[in-house]
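Please examine the structure below with the following account at hand.

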Amino acid sequence: MLAKLEPEIPLGDGWRYEPKWDGFRAIVFRDGDDVRIDSRDSRPLGRYFPEVVQLLARRLPARCVVDGEIVVAAKKGLDFDALQMRLHPAESRVRKLAAEIPASFVAFDLLALGDKDLTRESMGARRSELERALGGGRSKVPVAGPDSLVAGATNLLLTPQTDDAQTARRWFSELERLGLDGIVAKREDGPYVPGKRVMVKVKHRRTADCVVGGYRRSKAGDGVGSLLLGLYQDGVLHYVGHTSSFRAEERRALLKFLAPYEGGDAFGFGGIEADVGRMPGGASRWGGGEGEWVALDGRLVCEVSFDHLQSGRFRHAARFLRWRDDKPPKECTYDQLAPPGEAESTARRGSERGRR
């Protein structure tokens with residue numbers, strides 16, 4: 001069951017709210033000693049997280065299907081970078097990472113228990129069943145909170161839930177420092193509907209002024225598919241992500257608008273190694289790179305909105321807001337995204353990984 005993105009937390013009777021965890025969505029199937037963990041697109045995850053499989057084999061009911069999230073906790077909260085490092089093809093490396101960077105599982109829905117299919121039951125009824133299933137005896141599963149996100153440990157946790165919108169707003173603000181994404185809202189009377197966006201997610205979004213260092217053409221070739229964005233660190237422009245939220249007529253108009261700025265070298269492709277930052281098209285954990293792109297001279301600045309900055313770049317596509325003719329490109333730095341020091345270290349970590 002999926003969630004649609006909304007700008008505000010929905011209000012009114014019948015809504016329940018949970019924190020939005022920043023990890024890998026996972027469905028767990030347990031049948032005795034057999035535990036299978038599938039990703040949202042039905043890819044097997046268990047081989048990458050043997051410590052989680054072992055934990056769930058001990059702690060979940062003997063026969064059940066549980067919806068939840070695999071996360072990795074660091075000293076200051078969730079670490080999505082470390083979580084992605086766990087997806088390694090070599091078995092020896094998987095075992096090593098399981099010991100060094102253990103993951104945990106946060107449960108938030110129960111789809112089956114014993115022989116009973118719960119997907120047609122209301123969310124409220126499923127939640128009650130989940131609490132009972134995880135809350136019995138000495139192995140009671142704790143409700144996840146700031147104190148339960150223990151770095152270096154593998155835990156089974158139950159996500160907190162409330163029907164109070166004020167509490168949800170407080171979670172939205174206060175839990176961000178721990179790396180949580182935002183808030184998920186669910187209808188109390190709703191069944192579990194696979195593949196449908198019947199939940200609501202409200203995510204943290206910020207804005208940034210970025211240099212437009214290049215663009216990719218649209219698939220049809222008659223317009224701009226995406227703008228390639230950059231931020232400066234120590235005088236070097238680093239690729240930070242792209243924005244592609246344009247209508248068909250806007251894509252064609254952008255191609256003409258950008259023509260006078262073509263032929264430049266904003267990302268320093270032709271410069272010496274010391275002057276070159278992270279480039280579009282480089283290897284990335286979020287995809288296969290940007291492919292072929294047209295370089296611009298770096299005079300254009302635009303404002304975009306984004307959700308996550310991860311390893312010095314936007315994890316997801318940013319949303320174009322407006323052009324910033326009043327903003328000098330050199331003022332588009334990482335410092336605008338995080339407190340001093342944190343932004344610098346994030347940028348440097350990202351640039352080092354990009355060069356490697």
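Two strands are said to pair if DSSP finds at least two bridges between them. Strands (E, at least two residues) and helices (H or I, at least four) are DSSP runs, numbered from the N terminus. This is a predicted model, in which local features need pLDDT of at least 70 and side-chain atom pairs count only at pLDDT 80 or more, whereas totals for chains, interfaces and linings use all residues. Residues are numbered from 1 along each chain as its sequence is written, and side-chain values use heavy atoms, with hydrogens and water left out.

With β13 (residues 206-217), β14 pairs in the antiparallel sense over six bridges; Ser226 in β14 is the bridge partner of Arg216. The hairpin of β13 and β14 has six residues between the strands, and Gly221 there takes a positive phi near 85°. With β15, β14 pairs in the antiparallel sense over seven bridges, and Leu228 has His242 of β15 as its bridge partner. Ten of the ten residues of β14 are buried (under 20% relative accessible area, with over 50% exposed and partly exposed in between; 1.4 Å probe, protein chains only), so β14 is largely enclosed by the rest of the structure.

The hairpin of β14 and β15 has two residues between the strands, and Asp234 in the turn has a positive phi of about 55°. Most residues other than glycine have a negative phi. Asp234 is exposed, at 56% relative accessibility. Ser42 also has a positive phi, near 70°. Ser42 lies in the loop between β4 (34-39) and α1 (50-59) and is exposed, with a relative accessible area of 57%.

The structure holds zero disulfides. Cys210 is buried at 0% relative accessibility, and Cys302 is buried with a relative accessible area of 0%.

A cavity is a set of points on a 1 Å grid over the protein atoms alone where a 1.4 Å probe fits but cannot get out, and its lining residues have an atom within 4 Å of a point. There is one cavity of 30 Å³ or more. The largest cavity holds about 30 Å³ of space, and its lining includes Val71, Ser104 and Asn155.

Methods: 1 Å grid on protein atoms, 1.4 Å probe; cavity = no way out; pocket = protein on both sides within 12 Å on 5 of 7 lines; lining within 4 Å. Points joined across faces, edges and corners; volume = space filled by probe spheres on them. Disulfide = S-S within 2.5 Å.
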